[in-house]
Amino acid sequence: LDLSMHAAREGVVMLDARDHKWPILFANPAFEVLSGLEYDEVVGRNFWDILRLSARSRPDLAGIMGKGDSFDLRLFCDKSGRWLTLRLMPATSDRFAPSKATGIPGWIP
């Protein structure tokens with residue numbers, strides 16, 4: 001799986017949604033290219049410090065993720081100045097509780 005994620009053409013980012021700041025655990029090279037951000041600028045940082053929602057208020061993301069369905073977020077990256085739509089696909093832990101989400105960005109020029 002690790003090799004597949006690194007080799008993927010699509011940008012992939014994994015984060016821990018159990019923490020309200022959503023620390024980023026992994027980003028593949030394609031995400032670096034799409035985002036214009038280096039690996040060290042992304043991994044270990046908080047998702048919400050790098051990207052922000054287009055809406056003024058944050059939807060009930062925990063409730064949405066708790067259902068286990070994938071969903072899209074419209075986000076802006078201040079550093080790169082790019083808008084993106086990120087599809088989040090909740091993953092589950094051994095206890096079948098939502099814990100990590102995998103995000104696949106689609107940059108909008």
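Visitor: What makes F76 count as buried?
Guide: Its relative accessibility is 13%, and buried means under 20% relative accessible area, exposed over 50% and partly exposed in between, with a 1.4 Å probe and protein chains only. So F76 falls under the buried cut-off. Before we go on: this is a predicted model, where local features need pLDDT of at least 70, side-chain atom pairs count only at pLDDT 80 or more, and totals for chains, interfaces and linings use all residues. Residues are numbered from 1 along each chain as its sequence is written, and side-chain values use heavy atoms, leaving out hydrogens and water.

Visitor: Why is the ring pair of F76 and W83 called tilted?
Guide: Rings of Phe, Tyr and Trp (its six-membered ring) pair if their centres lie within 6.5 Å; planes under 30 degrees apart are stacked, over 60 edge-to-face, and the rest tilted. Here the centres are 4.9 Å apart and the planes stand at 55°, so tilted it is.

Visitor: How many aromatic pairs are there in the structure?
Guide: There are 4. Another of them joins W22 and F47, with centres 5.3 Å apart and planes at 45°, so that pair is tilted too.

Visitor: What makes the W22 and F47 pair a tie between parts of the chain?
Guide: W22 is in the loop between β1 and β2 (24-27), while F47 is in helix α4 (residues 47-50), so the pair ties together parts 25 residues apart in sequence. Helices (H or I, at least four residues) and strands (E, at least two) are DSSP runs, numbered from the N terminus. Both W22 and F47 are buried, and ring pairs link W22, F47 and W48 into a cluster.

Visitor: How do you know whether V12 is buried or exposed?
Guide: V12 has a relative accessible area of 5%, so it's buried. You'll find V12 in the loop between α1 (2-7) and β1 (13-16). V12 and E32 are 20 residues apart in sequence, with 9.2 Å between their C-alphas.

Visitor: What classes of residue line the largest cavity?
Guide: The lining has 10 nonpolar residues, 1 polar and no charged ones. Ala, Val, Leu, Ile, Met, Phe, Trp, Tyr, Cys and Pro count as nonpolar, Asp, Glu, Lys and Arg as charged, and the others, Gly among them, as polar.
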